[in-house]
Amino acid sequence: MEFTLLIVIIFLALVFDYINGFHDAANAIATVVATKVLSPFQAVVWAAFFNFLAYWVFGFGVADTVAKTANTLEINLVVILAGVIAAIIWNLFTWWQGIPSSSSHTLIGGFAGAAIAHAIAVHGFFEYTIVEGAEIHKAYWYDTVNWYTAGKDGGFPSGVMVIVAFIVLAPLLGALMSYFISIWLLSASKKSIYPKIFTAALMLLTIWFVESQMIYYDQIKKPRFDSHFWSVVFESHNIKWFLVAFIILSISSFCLLFSSLNLHQSASWLKKMQLLSSAAFSLGHGGNDSQKVMGIIAAAVTVYIHTSGIAQESLPHWLDVVLPNEAGDFRMPEWIPLACYSAIAAGTLSGGWKIVKTMGSKITKVSSFEGVAAETAGALTLYFTEHFKVPVSTTHTITGSIIGVGLTKRVSAVRWGVTVSLLWAWVLTIPISAILAALIYYFLSLFF
């Protein structure tokens with residue numbers, strides 16, 4: 001029974017990943033479709049390709065954060081099953097209504113809600129003891145969920161409260177970054193030396209910063225090649241920073257030339273750059289959202305090992321999952337990330353036209369100029385949050401970025417009525433998913 005439940009969870013997790021793809025396809029393609037840079041079909045193929053390409057770019061930091069949303073030693077597979085089912089239901093409902101809600105927060109809310117329901121069902125509201133290694137701790141029902149964990153050695157903290165904080169911070173970061181990029185581009189279009197000086201300084205600063213973030217051969221735990229050079233170049237951590245540098249330096253190069261271009265040339269170049277910015281955002285979308293499903297599958301395998309009593313050594317190779325621990329161990333079979341990236345890419349190919357309309361035209365009128373600024377800001381926000389292992393919402397990020405470019409024209413350029421409705425959907429997603437998952441958990445517990 002336990003093994004059957006595990007297979008069902010893996011299957012439904014990949015179904016959720018597929019739904020996530022077409023639900024969130026609008027995040028990456030809405031602006032290129034709205035500006036007619038690509039046809040709808042071309043746009044989804046473009047986005048799906050870069051969704052899948054993210055497999056070779058990003059690590060598993062976000063997957064680890066999601067897997068540790070709840071204490072895997074204190075839950076069972078029914079908890080994870082309930083969480084995934086609740087996430088699928090809410091995602092399909094919001095897709096049907098054309099609401100760009102967060103698939104990420106749906107999954108986190110469902111996982112946490114089912115875990116709390118399980119803790120209350122088993123222990124009630126009373127104190128109980130848990131054993132971790134040689135230590136005994138007292139706990140309550142709410143301790144099942146990882147609400148907040150301080151970062152190690154000055155690192156970034158994790159937990160549900162950090163994810164909740166980024167409901168506000170992710171769109172705010174996207175809005176601020178897109179506003180800055182828009183002002184930068186507008187200034188660069190003028191025949192003045194000062195924007196060029198600023199651009200040149202930013203290029204030098206970018207090169208310095210990216211170089212400081214590089215991991216060199218002696219720091220790579222598992223080099224991909226015998227060659228030191230190619231191992232450094234294709235290290236996933238480095239590829240991400242190369243992309244950041246490429247994005248910023250590409251826009252910088254355009255800014256240096258912008259004032260010398262006529263209107264037709266500027267429009268032509270901005271459309272070409274929008275292909276780059278949408279590709280960059282699709283990479284971030286694939287890397288961020290696929291990892292969340294990897295985390296759920298990894299957590300399910302970990303729970304299966306704990307509840308079934310099967311020794312790790314006796315598991316088949318395709319289930320040999322070890323979450324990161326203090327000893328530095330971490331294993332994830334290649335099929336898990338490959339399946340997750342494939343599922344989200346296939347989902348993106350299916351499109352999500354109801355949400356494309358909301359994202360591409362209802363928030364603010366979008367041109368190629370706004371598209372480049374919004375998608376670039378969204379991509380950079382996703383790359384930096386992934387670096388800190390924070391599972392943010394790509395929906396919130398790109399929506400904030402679109403609002404940011406709208407504000408550069410005037411405050412009234414943003415349709416605030418639509419925006420307020422979106423904010424309500426964002427705020428309600430986690431609690432509704434949690435309540436729905438709790439109800440589904442109690443229902444499933446009658447049979448398992």
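Colleague: What should I know before reading any values?

Modeller: This is a predicted model, where local features need pLDDT of at least 70, side-chain atom pairs count only at pLDDT 80 or more, and totals for chains, interfaces and linings use all residues. Residues are numbered from 1 along each chain as its sequence is written, and side-chain values use heavy atoms, with hydrogens and water left out.

Colleague: OK. How many helices and strands are there?

Modeller: The chain has 16 helices and two strands. Those are DSSP runs numbered from the N terminus: H or I over at least four residues for helices, E over at least two for strands.

Colleague: And how much of the chain is buried?

Modeller: Of the 448 residues, 55% are buried. Buried means under 20% relative accessible area, exposed means over 50%, and partly exposed is in between, using a 1.4 Å probe and protein chains only.

Colleague: What share of the contacts join residues at least 24 apart?

Modeller: That share is 80%, among contacts between residues at least 6 apart in sequence. A contact here is heavy atoms within 4.5 Å.

Colleague: Which residues have the most contacts inside the largest nonpolar core?

Modeller: Leu-6, Ile-75, Leu-77, Ile-80, Phe-111, Ile-296 and Tyr-383, in a core of 104 residues. Helix α11 (residues 263-308) gives the largest share of this core, 17 residues. There's also a second, separate core of eight residues, including Ile-29 and Leu-38. By nonpolar core I mean a set of buried Ala, Val, Leu, Ile, Met, Phe, Trp, Tyr and Cys residues joined through side-chain atoms within 4.5 Å.

Colleague: Back to Tyr-383. What is it in contact with?

Modeller: Leaving aside neighbours within four places in sequence, Tyr-383 is in contact with Phe-58, Lys-240, Leu-243, Val-244, Ile-247, Ala-280, Leu-283 and Gly-284.

Colleague: What about helix α14, is it enclosed or open?

Modeller: Largely enclosed by the rest of the structure, because 18 of the 20 residues of α14 are buried. The helix covers residues 368-387, and its end C-alpha atoms are 28 Å apart, which agrees with the 28 Å its 20 residues should span at 1.5 Å a residue. That expected span is 1.5 Å times one less than the number of residues.

Colleague: Let's go to α11. Is Asn-288 buried or exposed?

Modeller: Asn-288 is buried, with a relative accessible area of 1%, and it is found in helix α11. Not counting residues up to four places away in sequence, Asn-288 touches Val-62, Ser-104, Leu-382, Thr-385, Val-390, Pro-391, Val-392 and Thr-394. Thr-394 is 106 residues away from Asn-288 in sequence and 7.8 Å away in space, C-alpha to C-alpha.

Colleague: And where is Ala-114?

Modeller: In helix α6 (residues 103-123). Ala-114 is buried, with a relative accessible area of 0%. Its contacts, apart from neighbours within four places in sequence, are Val-79, Ala-82, Gly-83, Ala-437, Ala-438 and Tyr-441.

Colleague: Switching topic: how many aromatic pairs are there?

Modeller: There are 25. One of them is Phe-443 with Phe-447: the ring centres are 5.2 Å apart and the planes are at 65°, so this pair is edge-to-face. Rings of Phe, Tyr and Trp (its six-membered ring) pair if their centres lie within 6.5 Å; planes under 30 degrees apart are stacked, over 60 edge-to-face, and the rest tilted. Phe-447 is exposed, at 56% relative accessibility.

Colleague: Which residues do ring pairs link into a cluster?

Modeller: Phe-3, Tyr-304, Trp-318 and Trp-335.
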